[in-house]
Amino acid sequence: MTESASGGSGKEPGDRGRTSIADGVVEKIAGLAAREVVGVHAMGSGSGLSRTFGAVRDRVPGGHKAGVSRGVKAEVGETQTALDLEIVVDYGVSIRAVARAVRENVISAVERMTGLEVVEVNIAVSDVKLPDEPDEEPESRLQ
């Protein structure tokens with residue numbers, strides 16, 4: 001039996017053990033990457049009322065999901081991940097160009113940070129934010 005000087009296994013120290021990445025981690029990375037793209041107004045449902053409730057829920061401690069992952073669903077395997085994103089775009093932008101830029105930015109960020117292969121990024125555009133529409137950010141009732 002032969003043992004290496006680094007211990008009994010012959011593996012490098014960084015290769016001993018397993019790393020698992022939760023769906024929520026990938027969802028946060030993807031959500032932040034999608035928001036960086038010019039033309040993305042918001043993530044999640046397009047109805048103003050839904051966005052309002054979502055914004056309130058995100059401010060409440062213990063709310064359903066953190067704001068950064070709203071509108072993102074990830075399915076993570078051992079070496080691959082697939083993502084579904086729901087976005088609201090600004091009026092006047094090319095939806096096709098914004099979707100392409102979101103897809104590229106999300107894939108780049110997720111693969112760079114996690115080492116997972118992104119096999120697909122599906123994007124649903126649920127609404128267009130018109131210039132004269134007020135932002136649906138409610139005042140926080142919490143102190």
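**Exercise 1. Find the salt bridge in this predicted model and say which two side chains form it.**

Step 1. Look for the pair: the side chains of Arg100 and Glu104 meet, with N to O at 3.5 Å.

Step 2. Check the spacing. Arg100 and Glu104 are four residues apart in helix H3, so about one helical turn separates them.

Step 3. Check the surroundings. Arg100 has a relative accessibility of 56%, so it counts as exposed.

Step 4. As background, side chains of opposite charge can pair when their charged atoms come close.

**Exercise 2. Work out which elements build the largest nonpolar core, and which one gives the most.**

Step 1. Start with the core itself: it holds 24 residues, and those with the most contacts inside it are Leu83, Leu85, Val102, Val106 and Val110.

Step 2. Two or more residues come from each of helix H1 (23-35), strand E1 (40-43), E2, strand E3 (80-90), helix H3 (95-114) and strand E4 (117-129). H3 gives the most, with six residues.

Step 3. Zoom in on Leu85. Setting aside neighbours within four places in sequence, its contacts include Ala34, Met43, Val72, Val102, Val106 and Ile123.

**Exercise 3. Compare Thr81 with Glu75: is each one buried or exposed? Then describe how they meet.**

Step 1. Thr81 is in strand E3, and Glu75 is in strand E2.

Step 2. Read the accessibility. Thr81 is at 1%, so it counts as buried, while Glu75 is exposed at 62%.

Step 3. Find the link: the side chain of Thr81 reaches the backbone oxygen of Glu75 at 3.0 Å.

Step 4. Widen the view. Beyond four places in sequence, Thr81 also touches, among others, Val26, Val110 and Leu116, and Glu75 touches Asp23, Gln80, Thr81 and Ala82. Glu75 and Val26 are 49 residues apart along the chain, yet their C-alpha atoms are separated by 8.7 Å.

**Exercise 4. Locate Ser69 and decide whether it is buried or exposed.**

Step 1. Ser69 is in the loop between helix H2 (48-59) and strand E2 (72-76).

Step 2. Its relative accessibility is 5%, so Ser69 counts as buried.

Step 3. Leaving out neighbours within four places in sequence, Ser69 is in contact with Glu27 and Lys28.

**Exercise 5. Decide how far to trust the model at residues 1-6.**

Step 1. Get the overall picture: mean pLDDT is 83, and 73% of residues reach 70 or more.

Step 2. Now the start of the chain. Over residues 1-6 pLDDT stays under 50, and the model has four contacts for them beyond four places in sequence.

Step 3. Draw the conclusion: where pLDDT is low, the predicted coordinates should not be read in detail.

Key:
Residues numbered from 1 in each chain as written. Predicted model: local features only at pLDDT ≥ 70, side-chain atom pairs only at ≥ 80, totals over all residues. Heavy atoms only, no water. Buried < 20%, exposed > 50% of the residue type's maximum accessible area, 1.4 Å probe, protein only. Contact = heavy atoms within 4.5 Å. Core = buried A, V, L, I, M, F, W, Y, C linked by side-chain atoms within 4.5 Å. Salt bridge = Lys/Arg side-chain N within 4 Å of Asp/Glu carboxyl O. pLDDT = per-residue confidence, 0-100. Polar contact = N/O pair within 3.5 Å; in protein donor to acceptor, adjacent residues only side chain to side chain.
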